[in-house]
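Walk through this fold with the structure open beside you. We go helix by helix, then turn to the charged pairs and a few backbone details.

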Amino acid sequence: MAFQTVLNRDADVVVPSTNDNRFGVSAPASSVPTLQVFATKVANRLWSRFKHRRDSLMYVSRFATFRDFGVVTLDKITSDMLWDFRDHLAETGIATSTINRHMSALSSVFSHALETRIIDTKPAFPKYYKEEGGRPRQFSDDEYRRLIAHFRETGDDWMADLVIVGCNTGMRKSEILAIDGNASRGLRAEISADGKFIYLPPKVTKTKKGRHVPLNAEAAAAVHRLEGVISQAYTHDIFYDRWWNARQRICPGDKTFVFHVTRHTALSRLANEKNLNTAIIAEIAGHSTIKTTQRYLHGTDDAKFEAVAGLIGDAA
């Protein structure tokens with residue numbers, strides 16, 4: 001069986017089309033697209049955020065290149081093929097959470113294809129792996145100071161300020177970047193007149209609900225320094241290049257040393273050092289449920305000791 005390439009004008013992508021020449025007749029291209037073609041066409045609908053969209057399309061691409069599954073149309077992909085792909089990922093030794101993200105991306109594409117009547121049925125997907133632990137990580141005071149010092153020394157003051165805002169507010173990186181966002185499109189965070197809060201509009205939050213985040217003095221100063229700077233200094237590639245360099249210097253080989261830990265750090269300190277109610281922490285973090293917030297809270301040894309100290313009292 002040979003393959004030729006035709007242009008699907010609706011998708012603006014290249015579509016593989018099969019030609020069976022055993023009888024000297026070319027078979028017409030299927031009206032059902034392949035998984036990768038359909039995913040590329042509807043990517044903006046399924047994954048609104050750039051990083052999520054980029055990663056999800058990468059996961060789809062890996063499925064497409066596995067055993068040439070990329071030439072199979074959506075309606076011909078079976079549960080066995082999905083199981084084989086998941087087993088293949090597991091054999092490579094990648095984390096179960098990463099495998100789950102691969103399967104979630106594929107599932108989203110199939111669900112949308114079913115909703116839009118591209119396919120009549122969705123194949124049964126393997127159950128997600130149970131994820132243990134997640135990222136039980138927060139930055140120590142020393143790591144925080146070293147990160148700031150590193151970025152100051154390398155001339156990346158804006159990176160230092162991103163870390164300061166993250167560790168002092170618990171805002172996601174995408175929310176911090178909104179400090180210098182497009183106001184006309186509702187993508188810009190606004191600082192209150194008294195400088196005590198920053199308002200994140202619905203379009204920049206994960207839950208699509210606007211919220212006010214309190215700012216301490218250090219965070220407020222960093223926010224003001226970032227205004228007008230992020231749009232000039234930040235790109236996805238530059239950010240991750242600078243972060244990789246910092247990790248290699250401070251915690252080489254530690255894959256948990258990621259920017260999202262700034263969020264863990266802030267929320268954990270609110271719980272352990274400020275003894276803040278979990279419901280209030282959830283509001284600051286922008287979580288829809290307290291259950292989500294609890295995954296971010298990591299008790300320190302000092303906090304655990306303080307919790308039990310004096311429970312019964314001095315028996316002497």
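Buried here means under 20% relative accessible area; exposed means over 50%, and partly exposed lies in between (1.4 Å probe, protein chains only). Packing is judged by contact, meaning heavy atoms within 4.5 Å. Helices (H or I, at least four residues) and strands (E, at least two) are DSSP runs, numbered from the N terminus.

A word on the source. This is a predicted model, where local features need pLDDT of at least 70 and side-chain atom pairs count only at pLDDT 80 or more, while totals for chains, interfaces and linings use all residues. Residues are numbered from 1 along each chain as its sequence is written, and side-chain values use heavy atoms, with hydrogens and water left out.

Now the whole chain. Its secondary structure comes to 14 helices and 5 strands. Of the 316 residues in the protein chain, 40% are buried. Take the contacts with a separation of 6 or more: 60% of them join residues 24 or more positions apart.

Back to helix 2, which runs over residues 50–65. The expected span of a helix is 1.5 Å times one less than its number of residues. For the 16 residues of helix 2 that gives 22 Å, and its end C-alpha atoms are 22 Å apart, which agrees.

**Helix 1 against helix 4**

Two packed helices are described by the angle between their axes and the distance between the axes. How do the axes of helix 1 and helix 4 cross? Helix 1 covers residues 35–46 and helix 4 covers residues 96–115; their axes come within 10 Å and cross at roughly 90°. Helix 1 is therefore roughly perpendicular to helix 4. Axes are lines fitted to C-alpha atoms, for helices over the stretch in contact, and angles run from 0 to 180 degrees between N-to-C directions. Angles under 35 degrees count as roughly parallel, over 145 as roughly antiparallel, 65 to 115 as roughly perpendicular and the rest as oblique.

Which residues make the contact? Helix 1 supplies Leu35, Phe38, Ala39, Val42, Arg45 and Leu46. Helix 4 supplies Leu106, Ser108, Val109, Phe110, His112 and Ala113.

**Helix 10 and its buried side**

Helix 10 spans residues 236–250. Its 15 residues reach 21 Å from first C-alpha to last, close to the 21 Å expected. Phe239, Trp243, Ala246, Arg247 and Ile250 are buried in helix 10. They cover an arc of only 100° around the axis, so they sit on the same side of helix 10. That arc is taken from the directions from the helix axis to the C-beta atoms. The buried residues of helix 10 pack against helix 5 (141–153), helix 6 (157–169) and helix 7 (173–177).

**Charged pairs**

Side chains of opposite charge can pair when their charged atoms come close. A salt bridge here is a side-chain nitrogen of Lys or Arg within 4 Å of a carboxyl oxygen of Asp or Glu. The structure holds 16 of these salt bridges.

One involves helix 10. Arg242 and Asp156 meet in a salt bridge at 3.2 Å, N to O. Arg242 lies in helix 10 and Asp156 in the loop between helix 5 and helix 6, so the pair ties together parts that are 86 residues apart in sequence. Arg242 is partly exposed at 26% relative accessibility. Asp156 is buried at 10%.

Another joins Asp161 and Arg152, at 3.3 Å, N to O. Asp161 is buried, with a relative accessible area of 3%; Arg152 is partly exposed at 33%. Arg152 and Asp161 also belong to a network of salt bridges with Asp157 and Arg225.

Arg188 forms a salt bridge with Asp180, with the closest N and O atoms 3.6 Å apart. Arg188 is partly exposed at 24%, and Asp180 is buried at 15%.

**Positive phi in the loops**

Just after helix 2, Arg67 takes a positive phi of about 50°. Asp68 is not a glycine, yet has a positive phi of about 60°. Asp68 lies in the loop between helix 2 and helix 3 and is exposed at 57%. In the loop between helix 4 and helix 5 sits Arg117. Phi of Arg117 is near 65°, a positive value in a residue other than glycine. Arg117 is exposed, at 76% relative accessibility.
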